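Student: I would like to learn how to read a few features of a structure. Can we take them one by one?

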Amino acid sequence: MYITSGTSSLLRRASHPSSSRAGKRAFSSLSRKPASPSPSPSCNSNSYSVGHQHLRSLSFLSAARWSHGVDWKSPTSLASQIRIASAFAHTQLHRKIATMASENAFKGIFTGLPKPGGGEFGKFYSLPALNDPRIDKLPYSIRILLESAIRNCDGFQVTKADVEKIIDWEKTSPKLVEIPFKPARVLLQDFTGVPCVVDLACMRDAMNNLGSDSKKINPLVPVDLVIDHSVQVDVARSENAVQANMELEFQRNKERFAFLKWGSNAFQNMLVVPPGSGIVHQVNLEYLGRVVFNTEGVLYPDSVVGTDSHTTMIDGLGVAGWGVGGIEAEAAMLGQPMSMVLPGVVGFKLSGKLQDGVTATDLVLTVTEMLRKHGVVGKFVEFHGEGVGKISLADRATIANMSPEYGATMGFFPVDHVTLQYLKLTGRSDETVAMIEAYLRANNMFVDYSEPQQDRVYSSYLHLDLADVEPCISGPKRPHDRVPLKQMKSDWHSCLDNKVGFKGFAVPKEAQEKVVKFSFHGQPAELKHGSVVIAAITSCTNTSNPSVMLGAGLVAKKASELGLQVKPWVKTSLAPGSGVVTKYLLKSGLQKYLNQQGFNIVGYGCTTCIGNSGDLDESVGAAISENDIVAAAVLSGNRNFEGRVHPLTRANYLASPPLVVAYALAGTVDIDFEKEPIGVSKDGKDVYFRDIWPTSAEVAEVVQSSVLPDMFKSTYEAITKGNPMWNKLSVSTEKLYSWDPNSTYIHEPPYFKNMTMDPPGPHGVKDAYCLLNFGDSITTDHISPAGSINKDSPAAKFLMERGVDRKDFNSYGSRRGNDEIMARGTFANIRIVNKLLKGEVGPRTVHIPSGEKLYVFDAAMVISLDSSINLLWHKDKDGAIHTLICSLYTPTWLNILKKVKNTLMLLYMLYL
């Protein structure tokens, strides 16, 4: 990153550098030379880098594609986006970069990539030119880290020693050595993206207050933010559901959306995809993913970090990507390398072929179970073998998507011919695909399964014969608790019997057959343990996969033709990951059958899977809560932790979209699909699962005839225009944000208040008390829930004190731009188990030393009168967090968290 001489003198004042490698690099940079950028082939007026970021050029996209609102093929348009303070600064910058570019220790392997018809695609750093036999044995995923280190090797942030560590991966990775990594771009969704933009806005204020240039605060790498987590299923089973839910979405989130729209105009390099466009990871897969960047003539692999854990879905496209925390994402946005442990790589060999009727969801749940047992936390998983060539790109993306559930940093599929076919299907140009293939082949990053494969070295090895995969679901409380479909009924009864835990509800034997009768809008209805009350085709995991989406339509069609009907008290919904899904469901003629079964489209975004399932009908909710019914939700999602999907569904099962429809029709998870009928046909005959389940050939036929390239092109051309509600949002053109002190959505954070150029030093910790004591499998859902705000919670009290009605609470995720609410939402999961409560479930704790039982936030505030909170944790063998929260003698729990972030934000700000 470029540091001006004016700021560098101030930076030398920073004291108490971090003891970590990342901290040493960061603080040492305060008094050392500026970091070098990635070299460019030339430094003319239309080709330069700012810091470590090649200015964004999506040269492989057509002008119509809406990448950051400009034609990135046009040097004039590109240059107009770069705001340089003066012509003198512009000239000085070019001179400095020209000098820096020559400093790369590997400039000798910077070579051209010729085009078949003459000329060249661009220049690149050639791994084969190193003539090092160790590279030939490296996993493909590690080669991406290697290329990045070579390209960014400036002897400062990235050194030759770092490059050597990666080349010698087989020997160095077991030693847990650290390396720097600079991702090519950052991906955000609105729940986690709003806080990042809030921080950037806050940093601009700080720069302004300190008398410096606030316009220096800008992302230095491309940042894509997709608004997809705000839509809720308020209206379902209606032809008007999409419009009605979007109107409610804008009513609730107008202030947030306006803030993000302001950010997209105020900051450079930031693209905001409007609400209603699709799920972030499907948009990334179908549209935003480059596979290979061509930035002003420099070719390099696409790579991405995102503030959503399922950023890993892009790994199915051969793009290295994974989820990170907000601080890490902001550091990457501001051009800083990520310090990471050089990971081990598990080689996962696939062979054979899936059996008839087995879905990609069955496959991913099987893979998840295997990898959880193997132990892959902190590792890459790389899929290889002849079986990989027999599964579609969408199936690969489904497997890659659930990397967080099996615990890996990413589940990577190297680029092959299937990848290239998918790129063409989704509207990438022939020229772009040719460039991608040529670059990856030239740099030994392309897999051709038609050729003999050289053995690669992995840290450990697994093998799965695809023929062994069988239909299954996972639950009732964790994604990796796979249950074969044929064992589901017996497993369910075991769960009823077992003590309360991941596989138990402790329902007394005499109560297990209880039937609750009630009236649903004037018609008789009944519920019992295991009754399905939510059936949702949702989530990035499956809604980008045509085979399972069209498979769900075929199940609905067969059921409708036989006269079966989902019970009206089951809340059914369909939330596609992009408009492409709607197009092929309509073309196939299957959407009408889904509508007949109640699976009307409710919106385009992450709905039930993130907890935006909306309210159940009052009569259903009352029947559940008043009779202590263990109700079930079945969803095509990736997470089913307690309290996430809906407060009233204690049993939550992950299933393929076709199985979601099947369980909705059955109305219960307490069924043996092999032996028991799903329902009765219009002819009075029993209908079994096998009668409505499509064959693989049926699914393949409808996919072939219904999924067309023009659908992708037209969909993404349309979202460049936004939508009427988004386009009507009026926002300020000022570069500093005007904070509203009364806002309960966007709140000015306290990180920089009363800040000076001399950051405070560390202080000691003594006489700490325990605030929370957790066992294993504590997840981010427990630490910072994204779902609904409980009416009795501290966050609810805070909102009601400010005149917010309960119906307008929205969700924790939607209010992450307000630190006051999120502090109250920390550890607010209604199903969290704190050992200090001795068996009681919920977001409370025992205040020590008084022994008073309080909400976690309230206990922290009591302690904060004379001390605050420190968070101490370690990971168990499965990678779940084993957590102990302790109190410290400092101002408040919240303030220590703020101080930690304040120090980092100060560092990043000063880098500019």
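**Reading the backbone, a core and a helix pair**

Tutor: Start with a loop. Lys-838 has its place in the loop between α31 (819-825) and β29. Keep in mind that this is a predicted model.

Student: Is Lys-838 buried or exposed?

Tutor: Exposed counts as over 50% relative accessible area. Lys-838 has 76% relative accessibility, so it counts as exposed.

Student: Where does Glu-296 lie, and what is its phi?

Tutor: Glu-296 sits in the loop between β9 (292-295) and β10 (298-301). Its phi is positive too, about 50 degrees, although Glu-296 is not a glycine.

Student: Now peptide bonds. Which residue is joined to Pro-476 by a cis peptide bond?

Tutor: Gly-475 is, with omega about 10 degrees. Pro-476 belongs to the loop between β18 (472-474) and β19 (482-484). A cis bond also links Ile-848 to Pro-849, where omega is about 15 degrees. Pro-849 falls in the loop between β29 (844-846) and β30 (853-855).

Student: How should I read a nonpolar core?

Tutor: In soluble globular proteins, nonpolar side chains tend to be buried together. Here the largest nonpolar core has 228 residues. Those touching the most other members include Leu-145, Trp-322 and Phe-383. Helix α9 (residues 190-209) gives this core its largest share, eleven residues.

Student: What does Leu-145 touch, not counting residues up to four places away in sequence?

Tutor: Its partners include Ile-166, Phe-181, Trp-322, Met-340 and Phe-380.

Student: Is Ser-544 buried or exposed?

Tutor: Ser-544 is in the loop between α19 (540-543) and α20 (546-562). Its relative accessibility is 5%, so Ser-544 counts as buried. Not counting residues up to four places away in sequence, Ser-544 touches Gln-282, Leu-285, Met-313 and Ala-394.

Student: And two packed helices?

Tutor: Two packed helices are described by the angle between their axes and the distance between the axes. Take α16 (residues 417-425) and α17 (residues 430-442): the angle is about 160 degrees, and the axes are 9 Å apart. The two helices are therefore roughly antiparallel to each other. Their crossing is right-handed.

Student: Which residues make the contact?

Tutor: From α16 come His-417, Leu-420, Leu-423 and Lys-424. From α17 come Asp-430, Val-433, Ile-436, Glu-437 and Arg-441. The contact residues divide into four nonpolar, one polar and four charged.

Methods. Residues numbered from 1 in each chain as written. Predicted model: local features only at pLDDT ≥ 70, side-chain atom pairs only at ≥ 80, totals over all residues. Heavy atoms only, no water. Axes fitted to C-alpha atoms, helices over the stretch in contact; angles between N-to-C directions. Helix = DSSP H or I, 4+ residues; strand = E, 2+ residues; numbered from the N terminus. Parallel < 35°, antiparallel > 145°, perpendicular 65-115°, else oblique. Left-handed = near helix turned anticlockwise from the far one by under 90°. Contact = heavy atoms within 4.5 Å. Nonpolar A, V, L, I, M, F, W, Y, C, P; charged D, E, K, R; others polar. Core = buried A, V, L, I, M, F, W, Y, C linked by side-chain atoms within 4.5 Å. Buried < 20%, exposed > 50% of the residue type's maximum accessible area, 1.4 Å probe, protein only.
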